[in-house]
Amino acid sequence: RVAARLRAAGVGPGDRVLTWSQNDPWLVTAYFAVWRLGAVIVPLDLRMQTDVAIRIGRRARASLLLAGPDVDREVAAELGVDILGVDESSLDPLAERDGPIPDFPTVTPDDLAEVIFTSGTTSDPKGVMLTHGQIIHTARAFGQTGMGKRPDRVLAAIPLSHMYGQTLPLLMGFMGGSMLVFLHALSPKAMTATMQRERVTAITLTPHPLANLLRGFETEARRQGREETLARGHAIARWLPRPLRRIVFRSVHAPLGGALEVISIGGALLPVTLQQAFEDFGFSIVQGYGTTEVAGVTGHKRTKQRAGTVGPPLAGIEVRIADDGELVARGPNVMLGYWRNPDATKEAFFDDGWLRTGDIGQIRDGLLFLSSRKRDMIIRGGENIYPLEIENRIDDHPDVEEVAVVGVDHRELGQEVKAIVVPKPGKTLDPQALNDFVAEKLAYYKVPTYIEIREESLPRNPTGKVLK
Ligand code: AMP
C-alpha cells in the first residue's frame with residue numbers, strides 16, 4: 001500500500017527518493033516501498049551538517065523527499081523536491097487501504113537499490129551505488145557468521161541512513177526473525193529505559209556510545225565508593241565462564257534490562273580495552289568491519305571473538321594486502337562505483353577489479369587486523385608510523401579518556417607526531433609522565449614530540465570517528 005501511495009506521488013523505476021528521518025518503523029516501510037517500485041533510496045543523515053545534506057540531496061536529482069518529523073520543512077524545501085512525511089497519515093492513507101494491490105515492476109538483483117553519500121565534511125561527498133544483490137549479499141553473509149542465528153530483540157541504535165544500520169540489524173535481523181526496537185534519540189536514559197521495557201537481547205552500536213556506557217558505570221561506581229569492587233570484578237571475571245561473570249556484574253546488567261547478551265559493534269575502531277571491559281561483564285562482543293563501498297568485509301563469529309581483530313572475511317569476499325599495506329577487497333557486495341563520478345570510481349579500483357578500502361591492515365591466521373586509515377599515516381624521518389599503535393599505548397594509561405594522534409608538518413623530518421589527549425573526568429595528566437609512559441613500550445621515533453592535554457571531548461563524525 002505504501003508503494004502504491006509512492007507511485008501515486010510519481011515515483012517510478014530508477015527514480016531517486018531522498019529519505020531524511022530518524023529510525024522509525026515507517027522509515028523501514030518506506031525503504032521497502034521504494035525498493036518494491038524499483039526506485040532508489042538516497043538516505044540523508046540527520047547528523048550531517050544541514051548544508052552538506054542539502055548539497056547531497058540536490059546532487060541526487062531526486063523526485064521525492066521522505067522527511068521525518070525532526071526535519072525542518074523550511075530547510076527541506078531548499079532541496080526543491082516534493083515532500084512526504086515519514087508517518088502513518090502520509091504513507092498509509094485510509095482511502096487506499098481497501099483498494100486492489102496494483103502491479104509493480106519486476107526488480108532484479110542487478111538493479112540499483114541505493115546511493116549512499118559518504119560524509120563529505122572535509123571532502124566532496126561521493127555517492128556509493130549499491131544494487132539489491134550487493135546489499136542482500138552483505139546481510140546474508142553477516143547472517144552466516146552466526147550473528148543472526150537466533151531471533152533477537154535488537155535495539156537498533158545505528159541510523160538506518162548508514163549501511164551498517166541497514167544490513168545488520170534491519171536486513172539480517174529480518175532474515176533471522178528478530179524484532180527491532182528503535183530509539184528516536186540515543187540518550188543513555190532513553191536507552192536503558194527501552195532496554196528494560198523490551199528486554200532487549202542484542203544491541204547494535206558504534207564504539208563511542210559503548211565507551212560512554214562504560215564511563216557511566218565507572219562514574220556510578222565512584223559515586224557509590226565501589227571503585228575497588230569494580231576493579232576486583234574485572235580481575236576475577238577473566239577467569240570465569242560467561243554466566244558467572246554476569247552474576248559478578250549484576251549491577252551492570254540490571255540497568256540494561258538483564259537480558260542483553262550480544263553487543264554488535266562496527267563503523268569505527270573498537271579499542272581493545274573497551275572490548276575487554278565488556279567481555280569481563282559477560283557480554284558477547286561481536287564486531288564487523290565494512291565501508292560504505294563494500295558494506296561488509298569481515299565479521300566475528302558469534303562464538304569466537306578475539307580482541308584486536310575484526311574477524312575473518314565474510315562469505316564470498318576476498319581480501320588481500322596491497323604492496324603499500326592497503327587492504328583491498330573483491331566480491332559480490334563491492335559497489336558499482338560512485339554516482340556520476342567516473343574519475344573517483346576509477347581511482348577507487350585497481351584495473352583488475354579490486355577495490356581500495358583506504359584502510360591499512362594485516363591478515364594473520366586468516367583474521368584481519370586494522371591499523372589506521374591510509375590517509376592518517378604519519379611519515380617521520382622516512383619511517384612509516386600508524387597512529388593507532390601510539391593511540392593504543394596512550395589509551396592503556398588508566399587516566400586517559402580519549403586520544404588522537406596526528407602528524408604535523410616539519411621541515412626536516414617530513415612530519416612530527418602529536419598526541420591530543422583528554423583525561424578521564426576528575427583526573428589530571430602530566431605530558432612528561434605520559435611521554436615516559438609511551439616511551440617505555442614504543443620505538444623512539446613513535447614517541448610523540450608534542451602532547452596536548454585537552455579538556456573538551458574530541459570532535460567526531462556521525463559514526464564516532466575522530467575528525468583528525
Ligand atoms: P563508512 O564508509 O562511513 O562506513 O566508514 C568506513 C570506515 O570506517 C572504514 O574504512 C574503516 O576505516 C572504519 N571502520 C568501519 N568498521 C570498523 C571496525 N570494526 N574497526 C575499525 N574501523 C572500522
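A residue counts as buried when its relative accessible area is under 20%. By that cut-off, Met-163, Tyr-164, Gly-165, Gln-166, Thr-167, Leu-168, Pro-169, Leu-170, Leu-171, Met-172 and Gly-173 of helix 7 are buried. The model is predicted.

**Ligand shell**

- The ligand has 15 residues around it, and those that come nearest are Gly-288, Thr-292, Asp-359, Arg-373 and Lys-465.
- By class, seven residues of the shell are polar, five are nonpolar and three are charged.
- Strand 11 (284-289) and strand 17 (367-373) each contribute at least two residues to the shell. Strand 11 gives the most, with three residues.
- Arg-373 places a polar side-chain atom 2.5 Å from an oxygen atom of the ligand. For Lys-465, a polar side-chain atom lies 3.1 Å from an oxygen atom of the ligand.
- Gln-287 has a polar side-chain atom 3.0 Å from a nitrogen atom of the ligand.
- The ligand taken alone exposes 500 Å², of which the protein buries 88%.

**Helix 7 (residues 163-176)**

- Eleven of the 14 residues of helix 7 are buried, so this helix is largely enclosed by the rest of the structure.
- At 1.5 Å a residue, the 14 residues of helix 7 should span 20 Å; the end C-alpha atoms are 18 Å apart, which agrees.

**Helix 9 (residues 207-223)**

- The 17 residues of helix 9 should span 24 Å at 1.5 Å a residue, and the end C-alpha atoms are 24 Å apart, which agrees.
- Buried residues in helix 9 are Pro-207, Pro-209, Leu-210, Leu-213, Leu-214, Phe-217 and Ala-221.
- An α-helix has 3.6 residues a turn, so residues three or four places apart point the same way. Leu-210, Leu-213, Leu-214, Phe-217 and Ala-221 are among the buried residues of helix 9.
- The cover over these buried residues includes helix 8 (188-198), strand 9 (202-205), helix 10 (227-237), helix 12 (250-253), strand 10 (262-265) and helix 13 (272-280).
- Gly-225 follows helix 9 and has a positive phi, near 65°.

**Helix 3 (residues 50-59)**

- In helix 3 the buried residues are Val-52, Ala-53, Ile-54, Ile-56 and Gly-57.
- They pack against strand 1 (16-20), strand 2 (40-44), helix 4 (73-76) and strand 5 (112-117).
- Arg-61 follows helix 3 with a positive phi, near 45°.

- Thr-194 sits in helix 8 and is buried, with a relative accessible area of 6%.
- A polar atom of the Thr-194 side chain lies 2.6 Å from the backbone oxygen of Ala-190.
- Apart from neighbours within four places in sequence, Thr-194 is in contact with Leu-155, Val-181, Leu-183 and Val-200. The C-alpha atoms of Thr-194 and Val-181 are 8.3 Å apart, and the two residues are 13 residues apart in sequence.
- Ser-284 belongs to strand 11 and is buried at a relative accessible area of 8%.
- Not counting residues up to four places away in sequence, Ser-284 touches Arg-242, Glu-261, Val-262, Ile-263, Arg-302 and Gln-305.
- Glu-416 is part of strand 21 (residues 414-423). Glu-416 is buried, with a relative accessible area of 5%.
- The side chains of Glu-416 and Thr-449 make a polar contact of 2.4 Å.
- Beyond four places in sequence, the contacts of Glu-416 include Ile-378, Arg-380, Val-406, Gly-407, Val-408, His-410 and Tyr-450.

**Loop residues with positive phi**

- Arg-199 is in the loop between helix 8 and strand 9. Although not a glycine, Arg-199 has a positive phi of about 50°.
- Arg-199 is partly exposed, with a relative accessible area of 45%.
- Asp-365 is in the loop between strand 16 (355-364) and strand 17. Asp-365 is not a glycine either, and has a positive phi of about 50°.
- Asp-365 counts as exposed, at 66% relative accessibility.

Key
Residues numbered from 1 in each chain as written. Predicted model: local features only at pLDDT ≥ 70, side-chain atom pairs only at ≥ 80, totals over all residues. Heavy atoms only, no water. Helix = DSSP H or I, 4+ residues; strand = E, 2+ residues; numbered from the N terminus. Expected span 1.5 Å × (residues − 1). Buried < 20%, exposed > 50% of the residue type's maximum accessible area, 1.4 Å probe, protein only. Contact = heavy atoms within 4.5 Å. Near = heavy atom within 4 Å. Polar contact = N/O pair within 3.5 Å; in protein donor to acceptor, adjacent residues only side chain to side chain. Areas by Shrake-Rupley, 256 points an atom, 1.4 Å probe, with all protein chains shown as cover. Nonpolar A, V, L, I, M, F, W, Y, C, P; charged D, E, K, R; others polar.
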